[in-house]
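I opened this model to look up its overall build, a few aromatic pairs and some helices. My entries follow in the order in which I looked.

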Amino acid sequence: MASKPGILTEWPWTWLGNFKYLVLAPWAVPATYSYLTKDDNQKYLSSFLVLPLLVSRAVHNLIWISLSRYRTAKGNNRIVDKSIEFEQVDRERNWDDQIILNGIIMYTAIMFIKYAQRVPWWSTDGLIWTFLLHAGPVEFLYYWLHRALHHHFLYSRYHSHHHSSIVTEPITSVIHPFAEHISYYLLFSIPLLTTLFMGNGSILAITIYLTYIDFMNNMGHCNFELIPKWLFSAFPPLKYLMYTPSYHSLHHTQFRTNYSLFMPFYDYVYGTMDKSSDTLYEKSLVREEESPDVVHLTHLTTPESIYHLRLGFPYLASQPHKSNWYLWLMWPVTVWSMMVTWIYGRTFTVERNVFKNLKLQTWAIPKYSIQYYMQWQKEIINTMIENSILEAEDKGVRVLSLGLLNQEEGLNKNGELFLKRQPQLKVKLVDGSSLVVAVVINSIPKGTTQVVLKGNLSKVAYSIALALCQDGIQVFTMSSDEYKKLQAKLSKEAGNNLVLSKSNTPKTWLVGDGLSEEEQLKAPKGTIFIPFSQFPPKKMRKDCFYNTTPAMLAPKHLENVDSCENWLPRRVMSAWRIAGILHAMEEWNVNECGDMMFNIEKIWQASLEHGFRPLTNVIDSKPN
């Protein structure tokens, strides 16, 4: 929002929320129906093609978002190092409003301009006129409109909303108040309306022009330099006809320079070109890929989780992962993404963060959770994990933390397999078990004297049982087999606090993977379920409470946080991920995987000293 919002700031359909696309229905439905059912002389191809064009524009934008986020996470050719936070993601959520406006304008033009109803597929004259009119009137008028928008009166009421984003993303290009967008569409309509009234407009000319606008807009705001230097060397006048991402980035950091739309010509003419434009361009071009200090290695979970990655849909990524019905409509894209991950078969960079002096990255294995349980996939996945570890070793990474199922005991014995295969590794492998145990223990309500331990027994489960029994807290188990296994791990004194009981169970349950619906139903009313597993249990009870999986609230000095980690709330990090950061910050220089367990109290205190905070018990009784 601008600092002093002016009139027509809000979009007219804002109040509709996610149903705003219905605004197009009065035009799109009749146009589609008429084209599919009526005779040739009663249907208009141009009207029918508006909706596909709008969809293609949306897809075009999304491709740029994914590309930009991927490249800026890796670091090569990045222009601005400042962070993007949730506030910017929320502010830029309505990037598609301008596409809806575009649709309304096009449907209206077709209704009232007779030539537009029967516009041909192609006209060479029309395409030439379109770009001549853009290079002339549009670029000239935009330059002066843009300078006017930087006058304090208009800037404070309108344009400051756009400039709230110092670090730009492709969609930043279209984040403006409604009134400002109207002025831009009046400018961009000059070539289109002129050619329509001249009688030489065409469907492809309109499509090419709108695609050009989107391409240049997105490219100019993508925060990584991609225009090769040889292009300007081969054709020197091009520097007056095409800007670069670094050129426009200076406008967002300096504010009073580089006003031009896509062609810097008028900045040269009127002396508003930033003197550091060439220097920043060349500096960004040679910037190499970033080498992180800490890597967190995760993987895809469900087929639709690709949309919740930071490289997917920005707004979905900024919210805790949950199933959305409308994503089922995108099954062709989902299947395509599954094919790509299957064929690509290499770890990819998802996110970068900064924690004090540490550079952090999150990498993802292109495999889904279900594949980790397939016997024939296990060696393939372990090879991918091992290759990622070796890549981290080559890049000088100090600590690599294994997230989700990448440290599954049945897969690689909590990472021990890789230490045996690569005994000379300098990068330290961390499974985060010690911090997970610490978080779970400190999530138990004060004064609790009895807990139930339920779910598949794991390294974490054994450690929790040992720590609680040693502290004098009774640990109940409902299975005689589990009781025997736990008893074998405990000392005689600690074993006195292990209780086998199938009834009269306490109201605090520590649960892992394998907790069944039937077992949940046995819990007393008001039970608190505290997971120690990587994945949250399915919520079956409305009369019980469910904590998050082991996690902590990240401090403010963790930078560039604009997406949620799977199902966790904003700025909340899993204990497995935090553990890797703590190992690097404290320079412990030890592995924590296999049967190795780091000092629980020591890592807990370190997490607090570095600003991580326990979550206030997340009381959530909503069933899945």
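**Whole chain**

I began with the surface: the protein chain exposes about 28300 Å², of which carbon and sulfur atoms supply 61%, with areas taken by the Shrake-Rupley method with a 1.4 Å probe and only the protein chains shown counting as cover for residues. I note that this is a predicted model, in which local features need pLDDT of at least 70 and side-chain atom pairs count only at pLDDT 80 or more, while totals for chains, interfaces and linings use all residues. Residues are numbered from 1 along each chain as its sequence is written, and side-chain values use heavy atoms, with hydrogens and water left out.

I found 27 helices and 15 strands in the protein chain; these are DSSP runs numbered from the N terminus, helices being H or I of at least four residues and strands E of at least two. The C-alpha atoms fill a box of roughly 95 × 55 × 50 Å along the principal axes. Of the 624 residues, 56% are buried, where buried means under 20% relative accessible area, exposed means over 50%, and partly exposed lies in between (1.4 Å probe, protein chains only). Among contacts between residues at least 6 apart in sequence, 71% join residues at least 24 apart, a contact being heavy atoms within 4.5 Å.

**Aromatic pairs**

I then asked how many aromatic pairs the rule gives. The count comes to 27 aromatic pairs, with rings of Phe, Tyr and Trp (its six-membered ring) pairing if their centres lie within 6.5 Å, and planes under 30 degrees apart counting as stacked, over 60 as edge-to-face and the rest as tilted. For Trp-13 and Phe-178 I read ring centres 6.4 Å apart and planes at 75 degrees, so the pair is edge-to-face. Trp-13 lies in the segment before α1 (25-37) and Phe-178 in helix α8 (residues 178-198), so the pair ties together parts that are 165 residues apart in sequence. Both Trp-13 and Phe-178 are buried.

Tyr-212 and Phe-262 form another edge-to-face pair, at 5.6 Å centre to centre with 85 degrees between the planes. Tyr-212 is in helix α9 and Phe-262 in the loop between α12 (245-254) and α13 (265-269), 50 residues apart. Tyr-212 counts as buried because its relative accessibility is 18%, and Phe-262 counts as buried because its value is 0%. I also noted one aromatic cluster, formed by Phe-140, Tyr-143, Trp-144, Tyr-259, Phe-265, Tyr-266 and Tyr-270.

**Helices**

Helix α9 (residues 203-220) has 18 residues and reaches 26 Å from its first C-alpha to its last, close to the 26 Å expected, the expected span being 1.5 Å times one less than the number of residues. Of the 18 residues of α9, 13 are buried.

Is helix α22 largely enclosed or largely open? I found that 9 of the 12 residues of α22 are buried, so the helix is largely enclosed by the rest of the structure. The buried residues of α22 include Val-460, Ile-464 and Leu-468. Helix α22 (residues 459-470) reaches 17 Å, close to the 16 Å expected, and is followed by Gly-472, whose phi is positive, near 85 degrees.

Last, I looked up Asn-61, which sits in helix α2 (residues 45-74) and is buried, with a relative accessible area of 1%. Leaving out residues up to four places away in sequence, Asn-61 touches Trp-95, Ile-99, Ile-171, Asp-214 and Asn-218.
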